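Biologist: Could you take a close look at one part of this model for me, and describe how its helices and strands are put together?

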Amino acid sequence: MSFRAPSPPSTGYSIIDIRKPSIDVSSIQQEKVSRPPSPPTSSGTSEDAFNGSDLVDTILNSLDKPMNHKSIPTYILYDKKGLQLFDRITQLDDEYYLTGAELDILTKKSEELIRRLQNGSILFELGAGALRKTQVILRAIEKKKIHVTYYALDLDQHELDKSLASLGEFQYVQLYGLLGTYDQGIPWISKKFTNCDIQKNFLWMGSSIGNQNRLESAMFLRKLQRMCMEPGDFFFIGFDKRNGSEKIELAYDDSHGVTREFIMNGLNHVNRIMGQENFINPTEFSYHSIYQEKQGRHLSHYRALAETRIIYKTSQKEYNILIKKDELIHVEHSYKYSLGEIQSILCAADLNMVDYWLDSKNQYRLVLAESRPFIFERNTEQVQNTLFPSKEFFQQEPINCYQCNEGQFDDMEIYNLGNIDRSLLNTNKTWPVELLPTMHEWQELWKSWDLVTQHVLNLNTMLYERPIALRHPFIFYLGHIPGFLDIQMSRNEIDKELGTTDYTEPKNFAEIFERGIDPDMDDTTICNPHSTVPINEKDWPSIDSILVYQSNVRQRLLRLLSFWESEADETQSTSWINTNPDRRRQARIVWMCFEHEAMHLETLLYMLIQSPNILPPKGVAAPSWRLTAKPTRLSPLKPASTIKILGGFVMLGHNDDESSDTLNGKLKKGASSQFGWDNETPRRQVKFENFEIQTRPITNGEYYQYLQETRQNEVIPAAWIVKDGKIHIRTVFGPCPLAEAQNWPVQTSYKQAKAYADYKGWRLPSEAELVHFRDVTTPFNGKEETNKWVNIGFENWSPTDVNNEQIHNLGDVWEWTETIWDSHPGFRSSKLYPGYSSDFFDGKHHVVLGGSWATHPRIAERRSFRNWYQAGYPFTFSGFRLCR
């Protein structure tokens, strides 16, 4: 990318009308004006961006509904007078706090906000408005001498001219206005600026996201993400918090009456659009304002003061619309967000939160999200609860407005349902998603594998490294993953309907890469059955040949998945997986290979973190601690709060017997709807006594304090490293200072965890206790969360802070238990993968539960999944909490 030299200060800007069918980017400079034009004089009845005969039908159709189903489109509020009134509202800082709160963040944190902008990048603002707050950002960019091209998207040319003209002179920022709607702006941006190797940054401020319900917001962000954003692009979004009722009610019904005038002006605008002075008589309606605290939304309606009737005739129909006394006509809503709801919205939109900032009074969040190279569907229950509130949830705060309740989901066909994954709408009725990963999930897994093995791992210098002596060199794992998949497909002939089931060439790769090593730490000569691998570097296959092999094996699987998709399309149901006597067993093998690859992705990462040559993941934003040099004081958390749980019984595992695969489509009674490994079966009842357990894992800061107290400063966890005489935590982004990571869960071996527990006079929980604890601490309640957002599936690329205010239920790290890895009543070793579990029934391994930041959600979110590691093995992403 080439960078421009500084240019003379300019007050010029261009307005690009993207409402036109075709825009030539090369013509932009020709539209440049050297001096801001004077906006045309506005009159009370002047034309605006909304007037037009095409809106007549929209208004009529919205009103011609049964009682309590009526609405008026929100955009009628924003004619010229409406925009002026809204600007007055935003200046009522003592009551309408949103603008002042956002401006407070921008003023104090502007340098932090822009530090990720690249020279030559582009900044798009959606619904630009008056640009009062934007000017703060642009001035910070100018001060840092970052070349940026700024585009303000709005649909009123008068206001766009006026706002851009107010910005003043810039040397490093080029200014453009985009005249059009969101729906016109998104495809324009997609066409002009994707695949251009230019960083794109989006601004959506003013809590504009709250003007849509949560599902609409998620779908809008998802559309923009998929059409316009690429890895390395950022999105700044303003979210109003779930503040107290009095504060919000005053913000939307101020004591000066400006908001009331703003809402009521909308009816005058309707009359102008309809061409009748009293199409709807404003004097017969009042402004109805209400905040629903449980649902976190403010609602605006017109309330009929008396029964009235609307008479209107078009060329197609004569309307006679009855409006009853006290009937509500919906016009606007404004949703407020807890942090968990923000994360749910971003998760649904395939975006990841990078950082957020709060204003001085803790009223408002400005969130930075990013588009990443891959995305795993995760936290699906929380996402669905946020996007699809139940009917019972609406009934907790009843209001006689269908549009505010289940009516908000009536127009779902406006979304492109065919592109929506199961985590949002569960629209795929033909693929058994609970059992079998979709083709999309496989492709995302491969993206993650390729990112780690080709960017985090330097193929030119690191292939033969063995940062953990108990593991093979990195090159083995690059061949092992496709090799395992190819071996299972051929050995079980799962694609026999498509032709030959021979091993993929070169066939000898199956011998080299079949199975890795996991030796006994006490006697490394004792090891599970494994492949014989080359000793000398020169005897390994070339990396190019391994990558070609990988590609060919992937293509083999894709052909099979495509074949199954055609079967699914023919049946138009999930029954196809049980109609063919071989199909369920074949699906199990594909599932097994998926989870095998996902588990090895995590294994590879904990190996890579031990290498000093690890590279940061390309296209993933560096964490904040990498960008700031501010000193942080080491101050460990106070001891975690605890929960006391009465003794009882807990059900462990599930029923997924491999033998049921071949019962001609008939599952055994009580069989699980999910596949599982042999150690997960059968479902069994386990008794536990009364116990007390901490609500979060032990942190790095607490563990460091323990080492200080016990004078074991030289015996640090393998996840730590000493750099420049100070403790750091290993991450994919390099060593993180202990002070910055002091509240992350510590990562230790079982022996280290037990020693800590013994010192504190506690113990580690059993498997039954930890499972029951997770069962009784539900992950979502809709308020400012009592539960920490689950960090799994690369939500973050490291552990994240825990605290004493929230319950940590899952994620960040696996959790050690005192339960020995062993057989249990009813256990039967897998015939598809002999020795998967039983090879390690040696009394030296312990059960770990949950999942880490690098664990695939299909694994971490399956309640029955169990993992295990040797008690002294220190390298895994495993932590612990105390119990007694």
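Modeller: Contact here means heavy atoms within 4.5 Å, and the model is a predicted one. With that cut-off, Lys81, Gly82, Leu85, Phe86, Arg88 and Ile89 in helix α2 meet Val258, Thr259, Glu261, Phe262 and Asn265 in helix α9. The residues of this contact comprise 5 nonpolar, 3 polar and 3 charged ones. Two packed helices are described by the angle between their axes and the distance between the axes. For α2 (residues 80-90) and α9 (residues 258-274) the angle is about 160°, and the axes lie 9 Å apart; angles over 145 degrees count as roughly antiparallel, and the two helices are therefore roughly antiparallel to each other. The crossing in which α2 passes α9 is left-handed.

Turning to the strands, an open sheet with mixed pairing is formed by 8 of them, in the order β1-β4-β3-β2-β5-β6-β13-β12. At its edges stand β1 (14-17) and β12 (352-358), each with a single partner strand, so that one side of each has no neighbour in the sheet. On average, and with direction ignored, neighbouring strands of this sheet are turned by 20° against each other. Strand β1 runs parallel to β4 (residues 173-179) and is joined to it by 4 bridges, with Leu178 in β4 being the bridge partner of Ile16. Helix α6 (residues 182-193) packs on the sheet, where it touches β1, β2, β3, β4 and β5, and its direction makes about 170° with that of β2. Helix α4 (residues 134-143) lies across β2 (121-126), β3 (148-154), β4 and β5 (200-204), and runs at about 150° to β4.

Conventions: Residues are numbered from 1 along each chain as its sequence is written. This is a predicted model: local features need pLDDT of at least 70, side-chain atom pairs count only at pLDDT 80 or more; totals for chains, interfaces and linings use all residues. Side-chain values use heavy atoms; hydrogens and water are left out. Axes are lines fitted to C-alpha atoms, for helices over the stretch in contact, and angles run from 0 to 180 degrees between N-to-C directions. Angles under 35 degrees count as roughly parallel, over 145 as roughly antiparallel, 65 to 115 as roughly perpendicular and the rest as oblique. A crossing is left-handed if the near helix is turned anticlockwise from the far one by less than a right angle, and right-handed if clockwise. Ala, Val, Leu, Ile, Met, Phe, Trp, Tyr, Cys and Pro count as nonpolar, Asp, Glu, Lys and Arg as charged, and the others, Gly among them, as polar. Two strands pair if DSSP finds at least two bridges between them.
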